[in-house]
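Subject: Structure for your review

Dear colleague,

Please find below the structure that I am handing over to you. My findings follow it, arranged by topic.

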Amino acid sequence: MADITEIIRTEKSRTALSVQAGFLIIGLLVLLLAPFFFYPIFLMKLLCFALFACAFNLLLGYTGLLSFGHATFFGGAAYFTAYTVKSWGFPPELGILVGVAGAAFLGLVMGFFAIRRQGIYFAMITLALSQMFFFFCLQAKFTEGEDGIQSVPRGYLFGFIDLNNSTNMYYFVLAVFLIGLLIIWRFINSPFGMILKSIRENEQRSISLGYSVARYKLGAFVMSAALAGLAGSVKSLVFQFATLTDVAWQMSGEVILMTLLGGIGTLIGPVFGAGLVVTLENYLATSEFPVTIVTGVVFMICVLIFRRGIIGEFYASRLGRKLGFVYRR
Amino acid sequence: MAPLLEVQGLNAWYGESHILHGIDMTVGEGEMITILGRNGVGKTTTLRTITGIVRARKGKISFAGTDMMHVPLHKTAHKGIGFVPEERGIFATLTVSENLMLPPVVAPGGMTLDEIYELFPNLYERRTSSGTKLSGGEQQMLAIARILRTGVRLLLLDEPTEGLAPVIVQRIGEVLKTLKERGMTIVLVEQNFRFASRIADRFYLMDHGQMVSEFPVGELPQRMDMLHKVLGV
Amino acid sequence: MTMIFGIPLQALFGQLLIGLINGSFYALLSLGLAIIFGLLRVINFAHGAQYMLGAFVAYLLLNYLGIGYWPSLILAPVIVGLAGAVIERLFLRRLYDLDPLYGLLFTFGLALAVEGTFRYLYGSSGQPYATPPALAGGVNLGFMFLPIYRGWVVVVSLVVCIGTWLLIEKTKLGAYLRSATENATLVQVFGVNVPVLLTLTYALGAGLAAFAGVLAAPIYQVSPLMGSNMIIVVFAVVVVGGMGSIMGAIITGYVLGIAEGLTKVFYPEASNIVIFVIMAIVLLIRPAGLFGRDA
Amino acid sequence: QSAAISDGKVKIGILNDQSGVYADFGGKSSVEAAKMAVEDFGGKVLDMPVEIVNADHQNKPDIASNIARQWYDTEQVDAIMELTTSSVALAVQAIAKEKKRIDIVTGAATTDLTGKACSPYGFHWAYDTHALAVGTGGALVKQGGDSWFFLTADYAFGYSLEQQTTDYVKASGGTVVGSVRHPLSTQDFSSFLLQAQSSGAKVIGLANAGLDTSNAIKQASEFGITQGGQHLAALLFTLAEVHGLGMEAAQGLTLTEGYYWNRDDQSREFAKKFFARTGKMPNMIHAGTYSAVTQYLKAIQKAGTDETEAVAKLLHEMPVDDVFGRGGTVGPNGRMIHDMYLLQVKKPSESKEPWDYFNVLATIPGKEAYIDPAKSGCDLVK
Amino acid sequence: MAVSALETQAKPRVVLSARGLQRDFGGFTAVKNVDLDVHDASVHALIGPNGAGKTTVFNLLTKFLQPTSGTITLMGTDITRTPPDRVARMGLVRSFQISAVFPHLSVLDNIRVALQRPNNLSTQFWRPLSALDSLNDRAEQLLASVGLSKERDHIAADLSYGRKRVLEIATTLALDPKVLLLDEPMAGMGQEDVSVVSAIIRDVARDRAVLMVEHNLSVVANICQHVTVLQRGEILAEGDYVTVSQDERVRQAYMGTEEHH
Ligand SMILES: Nc1ncnc2c1ncn2[C@@H]1O[C@H](COP(=O)(O)OP(=O)(O)OP(=O)(O)O)[C@@H](O)[C@H]1O
Ligand SMILES: Nc1ncnc2c1ncn2[C@@H]1O[C@H](COP(=O)(O)OP(=O)(O)OP(=O)(O)O)[C@@H](O)[C@H]1O
Ligand SMILES: [Mg+2]
Ligand SMILES: [Mg+2]
């Protein structure tokens with residue numbers, strides 16, 4: 001894992017810190033200026049998916065649990081937000097809150113069943129449970145079936161910031177994204193995160209030290225679900241709709257691809273992974289290549305020769321190490 | 001008489017770490033030798049390299065006249081080398097008797113099932129239960145017993161007494177003696193010096209990936225000082 | 001007429017029989033999945049695609065080479081099995097030392113690519129495949145009309161399932177396979193050519209899926225989507241049965257097929273989540289699945 | 001005059017599913033149909049070139065919405081067409097409305113597009129659930145199929161097909177004896193078919209789509225249901241799917257489409273040209289897209305500009321008369337009203353050539369097939 | 001000091017006890033009707049032939065396995081139905097027969113993970129990691145007490161086998177357990193480490209109860225006050241080492257005929 005804390009104690013910490021700070025500043029600048037050069041809706045979509053992937057990675061990268069059901073939280077929250085904002089006239093911030101709370105609740109329920117098993121069993125159980133949720137959404141009245149909840153008003157943030165203005169909306173999404181990232185960063189570099197790490201290293205030993213492993217995992221699961229929900233809620237406001245594609249299992253697969261591509265267990269890897277996938281999907285939409293084939297092949301290549309992902313490979317490369325990064329999985 | 005096993009200048013690596021730095025060792029037909037050495041000096045690695053599990057290796061290994069350096073792993077046993085790993089390698093999904101029957105017989109002359117059960121009555125009692133449900137010691141017995149069936153000529157044993165009750169250790173000592181009488185060649189890696197000193201013909205002392213000394217059992221009294229220094233015995 | 005819960009008893013028999021037929025497919029597919037998982041520790045997400053491939057190969061053999069159902073029943077699994085062997089040799093093999101999740105992700109990508117390719121080439125609405133004349137028609141059982149072909153499916157899948165189970169649990173070959181799962185190096189040291197074994201195993205699993213695919217071709221539309229519609233349910237079946245338990249996979253396949261069939265009568269809307277509901281309940285009571293060994 | 005064309009060209013975007021479940025429905029072939037329309041129109045309108053761009057929305061509304069915005073905002077696309085699946089169509093129509101641009105839907109079925117989600121610049125061309133229901137439900141009863149049992153996909157689309165069909169079955173004097181709801185993407189329908197069989201209904205209505213319908217039909221023939229005298233009616237099924245299913249399994253099936261290639265010389269002429277380019281005969285979506293592009297170009301020609309308001313006004317006013325929408329009119333809610341055809345799949349022995357699949361059982365006049373704009377619930381209709 | 005030692009000698013307090021402990025594995029009884037009392041401030045050895053059920057007894061006492069019947073009492077509280085992590089929090093901590101450290105954490109972090117819980121620093125996900133620095137003093141003290149100070153910043157996986165076991169014991173001590181269960185702590189250890197660990201255990205047991213499984217009889221003889229011999233799941237003999245080692249049945253079943261010290 002390449003989080004900052006581990007690096008601090010290495011000798012190269014000074015270069016690493018300044019290099020990281022440098023990257024951080026450049027990154028922030030790019031994000032702040034991006035809407036002047038790129039299409040804002042596209043950027044917002046990218047940020048939403050980036051946050052989603054980071055939330056997912058919180059679980060996979062830091063507790064070693066591969067969830068195949070994260071679409072449930074992403075899409076579920078999108079539905080909750082879209083519904084409350086459209087039908088009950090909730091303001092956007094409240095709608096998002098409802099979405100996040102709903103996702104956290106779904107996370108609690110799914111986690112309750114899934115947490116008892118590990119590895120592949122865990123993946124399969126989350127997959128199955130998210131299928132159940134998919135069918136629920138397909139049939140429930142409030143989701144409006146395959147039409148989806150359409151024309152969701154963006155409304156006014158805190159009553160006075162007009163989100164229909166796409167610049168306002170962009171900076172709002174950016175703020176949410178950064179806050180989300182900050183929460184994740186804090187979470188993994190906290191005392192709680194330390195316990196998670198130890199559980200991943202040796203679960204039996206953690207139990208014998210008196211940690212109720214299931215509860216810690218559940219905690220991480222719910223946190224990941226809530227943040228995935230945050231991403232979904234915001235996305236429903238960006239696009240002004242919530243539909244079945246967001247809860248379908250293919251979406252869960254996509255977020256895995258993003259994380260894998262960017263670098264499992266790296267804090268910002270998923271951001272790049274999400275960027276690449278979203279760009280690729282958009283590009284492929286207007287090209288002659290069939291999207292699914294390309295996605296599938298990218299998946300296979302990644303797993304075979306590119307396992308550490310973009311950022312992971314960078315950290316592990318000579319340049320990365322020279323700059324003081326550490327990649328350990 | 002040509003030695004059965006001859007190792008010359010053997011080097012081995014785990015990834016980038018260089019573990020064995022030129023091992024030289026010869027074992028004659030019917031001999032029982034013991035490799036002594038502290039934790040982590042490379043005893044296990046030596047055995048793993050000879051069997052071919054560790055493939056990042058250089059040097060010369062010849063067994064019964066065959067150059068073993070280019071023999072694929074699954075052919076090692078057929079050449080006549082049997083290996084009992086430190087971690088025992090009992091299979092959970094197999095019953096005790098399936099575990100016992102697992103290794104293919106590579107040459108005639110191995111022990112029969114009855115002989116084995118007679119030697120290890122515990123195994124007979126638990127023969128239908130799953131391999132890893134056995135206690136640690138029972139698993140060790142199973143791991144040794146398993147190889148005895150196959151008729152190999154050379155037995156590489158990695159710390160067979162670890163975690164065993166004294167009475168079992170004694171029994172294993174007897175078994176090894178019996179095997180030797182039948183003409184089996186044995187290379188033993190041991191921490192338990194007392195055990196080793198009672199059964200081996202010859203000793204190799206290992207340190208830092210090299211054999212630092214070699215002597216027959218008769219010289220043991222003269223060597224105690226050095227052993228004390230190297231092993232803390 | 002005798003009624004049970006408002007359903008005529010005869011109709012109930014009919015539905016039970018139909019459940020059994022569906023269960024045959026679940027059993028065949030989850031069996032292959034369980035073998036691959038049990039022995040290779042690979043969650044074969046491409047299993048659905050291999051099922052689909054089986055059906056498609058049969059279709060292609062018929063349409064381009066004029067090879068009919070009966071030869072296809074052998075040929076298609078062999079062809080798909082060979083393809084599986086190639087995949088294992090070239091790719092999966094490199095993943096064994098890693099976290100099993102990578103195997104899952106790789107086969108997931110493989111499934112996407114294969115399905116995408118067939119969708120690209122053949123569209124998504126599917127291709128026709130006729131019932132072999134020898135098995136066409138049906139018999140009237142009194143309580144229902146049973147197409148002969150469906151009866152054949154039940155019988156042949158039962159035979160194949162039991163045969164495979166015997167092969168793995170009761171033969172020396174099976175013992176090699178099972179032990180190689182746990183510690184391939186050691187088994188190799190014992191003198192067994194493990195890489196070949198693993199290749200064979202994957203080929204066997206893929207072949208079983210393809211076999212199910214050929215069986216399905218005359219019943220279901222031969223479509224690139226037929227596998228992905230099925231795979232998740234089959235995963236649930238394997239989880240309920242207990243991953244890695246081969247008998248568990250077979251029995252659970254049949255039982256859940258019947259459970260699903262009954263749901264289609266009493267509460268049809270729930271029929272495709274009933275398996276997931278059962279799964280949730282089973283996991284609450286027995287986390288390792290009905291037949292699973294404790295992890 | 002040419003200054004009236006923005007950016008010096010007319011750009012039409014075909015946005016549909018080209019790789020997913022609906023790829024056979026329209027897909028890449030629809031893009032061909034659109035290109036044919038442009039060529040047949042002479043490649044230019046008001047002396048300015050016409051360009052077709054296309055994208056695969058992968059059935060994801062967010063991708064569709066992203067592309068639509070980008071097309072409208074930065075790539076000077078003047079109109080977006082086809083828009084398969086209702087979630088995509090509704091999302092893009094909302095964007096088009098906001099941006100005051102034209103969209104013409106040929107790929108989605110929901111009547112909401114010209115109902116509560118209608119747009120002054122949005123048009124719905126080839127078919128909708130109502131037309132299908134009236135066609136299959138109403139017309140079939142008149143042919144003697146007066147008792148029905150529904151196999152309905154268990155989600156909104158299925159319900160609305162079932163509901164609307166039921167209305168027309170009853171209005172025409174038929175009865176509905178029962179229905180069973182099956183989950184989406186069911187593989188095995190035998191259970192449901194047995195229930196339908198024992199209901200004794202004369203017609204089994206399939207209120208589902210795509211592979212579900214195909215599988216149900218295939219298994220119905222396996223279980224001897226059609227041989228037993230019951231009749232299958234698919235509520236959303238087109239030539240492309242019949243082709244995939246094969247006549248052996250599909251024979252006797254009734255369905256409704258807005259176009260059949262082998263109906264008369266005019267339709268055959270277009271179909272042959274289309275076949276030469278795509279290797280398939282067109283269904284109503286392909287032909288509908290051809291018609292939509294043609295009509296759009298005609299409107300620009302007549303308006304002398306590609307400015308949205310003017311073109312939309314003419315699209316509402318101009319009668320449609322081409323290979324697809326003969327004698328069609330467009331309602332104030334954007335609904336293109338044209339005749340629909342009740343079709344029945346021939347026996348294999350009756351088929352004279354490849355793709356010769358249907359007998360036309362009846363023609364349903366557009367006025368009957370489509371909802372009266374005044375009752376559509378669209379707030380543009382006063 | 002002397003007074004308290006006298007007191008404990010006079011009234012050796014039983015901290016962990018089992019009555020009628022039994023565990024069946026599908027027809028096979030691995031542990032049969034075992035009564036066991038572990039006293040405070042002493043080292044208690046559990047020995048016996050392989051497969052006698054020692055590890056199983058450990059698993060039962062620490063609740064990693066549920067007993068088929070019997071009761072277990074920890075410092076007056078019945079823990080027969082308590083989950084393992086609760087038991088650990090109550091002060092009963094075990095080590096494993098196979099070494100258990102957190103391989104990719106540093107030595108210091110291994111200890112800090114253990115210290116987090118008693119210091120209520122384990123659930124806070126909003127605080128920075130530096131919150132854990134408050135544990136450093138105690139952690140370093142523990143490392144010093146077992147002679148691991150030099151390796152403080154090493155990654156645990158890089159330690160030698162013996163050092164890992166030492167680290168494991170230090171981690172266990174960090175929880176300040178009342179009762180310590182050690183499963184073959186010396187197995188596979190070189191002679192030097194054996195003496196180090198023996199000393200540590202003796203030291204630890206001054207104010208705690210230690211129950212250990214060990215095959216190294218010289219260790220047992222040197223540091224254990226009580227010895228319980230298990231055979232086929234049943235108690236064969238009990239008492240101090242001298243008594244037990246002279247028991248003919250024990251010699252036959254376990255020790256063999258040779259001389260041990
Ligand atoms: N798989 C591995 N990868 C990297 N290093 C290893 C690996 N296995 C062992 N080592 C290292 O190689 C060295 C020699 O190890 P080896 O297991 O041969 O020692 P040993 O003499 O058998 O010790 P012991 O008595 O503890 O069994 C040690 O420093 C060990 O840390
Ligand atoms: N989960 C289990 N299922 C079935 N039998 C088991 C199980 N665990 C242990 N056993 C059996 O119980 C007996 C006692 O095992 P245990 O591991 O407690 O022995 P031990 O005294 O610790 O031996 P050793 O000194 O060799 O470690 C053994 O015969 C073993 O086969
Ligand atoms: Mg060793
Ligand atoms: Mg033990």
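**An exposed arginine in chain E**

R81(E) counts as exposed, because its relative accessibility is 61% and the cut-off for exposed is over 50%. Please note that this is a predicted model. R81(E) sits in the loop of chain E that runs between strand 5 (77-78) and helix 3 (84-89). Leaving aside residues up to four places away in sequence, R81(E) is in contact with K63(E), Q66(E) and P67(E). G51(E) is 30 residues from R81(E) along the chain, and the C-alpha atoms of the two are separated by 25 Å.

**A buried serine in chain C**

S179(C) counts as buried, since its relative accessibility is 0% and the cut-off for buried is under 20%. This serine belongs to helix 6 (residues 172-182) of chain C. With residues up to four places away in sequence left out, S179(C) touches F91(B), L94(B) and L102(B), as well as V187(C).

**Contacts between chains**

Six pairs of chains touch, and among these the pair A and E has the most contacts. Chains B and D, by comparison, are joined by no contact, and their closest C-alpha atoms lie 36 Å apart. Chain C does not touch chain E either; the nearest C-alpha atoms of these two chains are 12 Å apart.

**Nonpolar cores**

The largest nonpolar core contains 444 residues, and Y127(D), L151(D) and Y296(D) have the most contacts inside it. The element that gives the most to this core is helix 3 (residues 40-63) of chain A, with 19 residues.

As general background, nonpolar side chains in soluble globular proteins tend to be buried together.

**Packing of two helices in chain A**

Helix 3 of chain A also packs with helix 12 (residues 269-285) of chain A, at an angle of about 135° and with the axes 8 Å apart. Helix 3 of chain A is therefore oblique to helix 12 of chain A. The crossing of these two helices is right-handed.

On the side of helix 3 of chain A, the residues in this contact are F42(A), K45(A), L46(A), F49(A), A50(A), A53(A), C54(A) and N57(A). They meet P270(A), V271(A), A274(A), G275(A), V278(A), T279(A), E281(A) and N282(A) in helix 12 of chain A. Sorted by class, the contact comprises 10 nonpolar, four polar and two charged residues.

**Two residues with positive phi**

S151(A) is not a glycine, yet it has a positive phi of about 50°. This serine lies in the loop of chain A between helix 6 (119-139) and strand 1 (156-157). Is S151(A) buried, partly exposed or exposed? S151(A) is partly exposed, because its relative accessible area is 44%.

L46(D) likewise has a positive phi of about 50° although it is not a glycine. L46(D) is located in the loop between strand 2 (44-45) and strand 3 (48-56) of chain D. L46(D) counts as buried, because its relative accessibility is 8%.

Yours sincerely

Note on methods:
Residues numbered from 1 in each chain as written. Chains lettered and ligands numbered in written order. Predicted model: local features only at pLDDT ≥ 70, side-chain atom pairs only at ≥ 80, totals over all residues. Heavy atoms only, no water. Core = buried A, V, L, I, M, F, W, Y, C linked by side-chain atoms within 4.5 Å. Buried < 20%, exposed > 50% of the residue type's maximum accessible area, 1.4 Å probe, protein only. Helix = DSSP H or I, 4+ residues; strand = E, 2+ residues; numbered from the N terminus. Axes fitted to C-alpha atoms, helices over the stretch in contact; angles between N-to-C directions. Parallel < 35°, antiparallel > 145°, perpendicular 65-115°, else oblique. Left-handed = near helix turned anticlockwise from the far one by under 90°. Contact = heavy atoms within 4.5 Å. Nonpolar A, V, L, I, M, F, W, Y, C, P; charged D, E, K, R; others polar.
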